[in-house]
Amino acid sequence: MLNLTKLFCAACCLLSISTAVFAADRDLIQTLYHADFTPDTDDEVPRFSLNGELGILSNTGNTSAASIKAGINADHETENWSSLYFAEMLYQESNTDGTGREVSAKRFYGSAQFDYKLNQPGRRLFMYGDYEDDSFSGYDHRASLAAGWSQRVWRDEVSEFRYSVGPGYSFVELEEPLDEDINDGVIVRASAEYKYHWASGANLRQFVSTEAGDENTKSRSETSLSANVFGSLAMKLSFILNHETDTTEDVDGLSTETSVALVYQFF
């Protein structure tokens, strides 16, 4: 109860400071990196987009393995809210010693962020939540909640940049027989996303996030490049990097993932 009270007070202080800092017409980021800043105007609201991706890999020979990765991504814009939804699943079986296939990766991850639009274009207050269930991370499951300041710094015909920062709380459930707490408590979360669109239909996306706590700092970076195949179908190449400063026993702090998948835009 004490931690939740501290979290609420920290959130209120952060929002007050953020509102004062960003009250100017042009902030430091806009001046340095986007001198010809155009205010964010959501003139096509309400708007909803949804796309799904699927990648399958099968190996035979000295190494027998099969993996499947699926994901879904949604973006919902209304007059007062901007919402992002994301979920992905990874499953892999492998066999290197000829004794039969065993599950070597099994993970589910989901997140959602809700931005409440303020009177000034691009300025928002956000609420964020995620949930992760990774059978090979040493955790039964873990989740986090955060709230604070968000801003879409710019958006034009070819590029877009947005970021968010605020306090939160991380919930961790460890697998037995582990009994120590790792990053279960108050955190500070920050994230940034950059998108670039070519006239040919190719898209670049760079996303980074970090959650810093007293005992552990969890960071994620995702770089993806997609190109249209035909119609609503695209091919996507992505590289994901996950890093933690303090992990459970026998779990590496750094993990990487490279994948190729087909992406279909439903609407």
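## Salt bridges, step by step

Glu132 is buried, with a relative accessible area of 15%. Keep in mind that this is a predicted model.

**Exercise 1.** Find the salt-bridge partner of Glu132 and say which strands the pair links.

*Solution.* Start with the contact: Glu132 forms a salt bridge with Arg142, and their closest N and O atoms are 3.1 Å apart. That's inside the 4 Å cut-off. Next, place the residues: Glu132 sits in strand β5 (residues 123–134) and Arg142 in strand β6 (residues 139–155), ten residues apart. Finally, check burial: Arg142 has a relative accessible area of 8%, so it counts as buried.

**Exercise 2.** Work out how far apart in sequence Arg142 and Glu244 are.

*Solution.* First, the side chains of Arg142 and Glu244 meet in a salt bridge, at 2.5 Å from N to O. Then look at where they sit: Arg142 is in strand β6 and Glu244 in strand β11 (residues 233–244), so this pair ties together parts 102 residues apart in sequence. Both Arg142 and Glu244 are buried.

**Exercise 3.** Are Glu88 and Lys69 buried or exposed, and what do their side chains form?

*Solution.* Glu88 and Lys69 meet in a salt bridge, 3.9 Å from N to O. Glu88 belongs to strand β3 (residues 81–95) and Lys69 to strand β2 (residues 64–77), so the bridge ties together parts 19 residues apart in sequence. As for burial, Glu88 is buried, and so is Lys69. Now widen the view: Glu88 and Lys69 are in a network of salt bridges whose members include Glu53, Arg107 and Glu257. Across the whole structure, a search turns up 19 salt bridges.

Notes
Residues are numbered from 1 along each chain as its sequence is written. This is a predicted model: local features need pLDDT of at least 70, side-chain atom pairs count only at pLDDT 80 or more; totals for chains, interfaces and linings use all residues. Side-chain values use heavy atoms; hydrogens and water are left out. Helices (H or I, at least four residues) and strands (E, at least two) are DSSP runs, numbered from the N terminus. Buried means under 20% relative accessible area, exposed over 50%, partly exposed in between (1.4 Å probe, protein chains only).
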